[in-house]
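Look at the model below before reading on. The paragraphs after it take up a few helices in turn.

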Amino acid sequence: MSTDRPRIPGLGQSPDEGVSATITDALAGIALVDHHVHGPLRTAITRDEFEVLITESNEPAPAATVHSDSQVGFAIRALCAPLLGIPAHAPMDDYWDGRSRHTPNELTRILMGATHTGHWLLETGYKGDAILDPTALTAQGVGRVSEVVRLESVLESVAKGANASDLASRFTSELASRTREAVGLKSIVAYRYGFDFDPARPTEAEVTAAAGAWLRSITAGGEVKVTDPTLLRMLLWAGVDTGLPLQLHTGYGDSDVELHRCDPLLLTRWLRLIQGSGTNVLLLHCYPYHRNAGYLAQVFPHVYFDVGLAINYTGAASDLIVRESLELAPFSKVLYSSDAWGPPELHYLGATLWRRGMARALTSFVNDGLWSVDDAIRVATMTGRDNALRVYRIEGA
Ligand SMILES: [Zn+2]
């Protein structure tokens, strides 16, 4: 038989078990930067509250069912239980009994401590009273903490006492004071309106008119929550003007979003308009549009993305999403986040499922013959830590 039969380059190597071990060890050793996350719970919760906090639905599960019969619930029972002295896969009732023996701060220290995260970039704009703030989280000793400021919350905080013509300047000066120590900004325009907004910078006259209408509606007893698209655009452009990295919630999230209006491709014209401003945009989470985000991260030098949040909620199926985050985008444009809020199980799952998914994807790329082990470890380190250190101009652990 001929020994020089035709081969397809890069195909046909046999898997090397040593590759998997080397890559897994390297991933386990990275002190992650979680570039978008929220605090853990400040106080104890009930089992029913826990069930609602492990879904993006705002509703309790239908009668005779539980939210924890889901990928995230199974992942909690498999991966978090042993850290709390509970057998892996124990039924949820047993998990809850074991969990209830710990105080909220003990749960934070055990579960967030086990993530091996060097630096948390904490977004403080959502239900801040229920969770630990940056100072309180720092005191738990689970890693460095920096703040990311939510634009909409800053505007809402200056509404009282403002008038139509001074709202924008009051916002800008409050933003300057709130961001003195912050490392980034966040917008939830996806929740409040959608990405199908007019991409142009609003004129002063447009902002004054929109501000007048919003302030009048608040005076008449309406919601302070800002949903006016002109004001939301004003916030985005003001965010760009600061030069701070600007995070945009993208895709999957709670039931406030109209998901089809959160496809990041809808941002294309706005991204073109702000290109050259020097401000980087970080598309957060992005599921199920993470491939669209990967495209934008390839074509625009100022666009980055992650696949956080969806990783937690897809549990055993999250490997595929992590792998898909390594398709089109240059590896310098992909970051790690958990987007955990509340139960520290979510912080732990974010880190652990990301490491698991990366280990599997990178090992297969090496065993398939197109990647070297050194490149795999370099990409793991870039994605898990170094890209965030560079984009946010911060230090790791
Ligand atoms: Zn978030």
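Predicted model: local features only at pLDDT ≥ 70, side-chain atom pairs only at ≥ 80, totals over all residues.

Residues are numbered from 1 along each chain as its sequence is written.

Helices here are DSSP runs (H or I, at least four residues), numbered from the N terminus. How do the axes of H3 and H16 cross? Helix H3 (residues 71-80) and helix H16 (residues 344-367) have axes that come within 10 Å and cross at roughly 80°. Axes are lines fitted to C-alpha atoms over the stretch in contact, with angles running from 0 to 180 degrees between N-to-C directions. H3 and H16 are therefore roughly perpendicular, a term for angles of 65 to 115 degrees. On the H3 side, the contact involves Ala-75, Ile-76, Leu-79 and Cys-80, and on the H16 side Glu-345, Tyr-348, Leu-349, Thr-352 and Leu-353. Contact means C-beta atoms, placed from the backbone, within 7 Å.

Helix H11 (residues 229-242) has 14 residues and spans 20 Å from first C-alpha to last, close to the expected 20 Å at 1.5 Å a residue. The expected span is 1.5 Å times one less than the number of residues. Among the buried residues of H11 are Leu-231, Met-234 and Val-240; buried means 20 or more other C-beta atoms within 10 Å, exposed 12 or fewer, and partly exposed in between. Gly-243, which follows H11, has a positive phi near 80°.

Trp-96 lies in helix H4 (residues 92-99). Trp-96 counts as partly exposed because it has 16 C-beta neighbours inside 10 Å.

Note on methods:
Helix = DSSP H or I, 4+ residues; strand = E, 2+ residues; numbered from the N terminus. Parallel < 35°, antiparallel > 145°, perpendicular 65-115°, else oblique. Contact = placed C-beta atoms within 7 Å.
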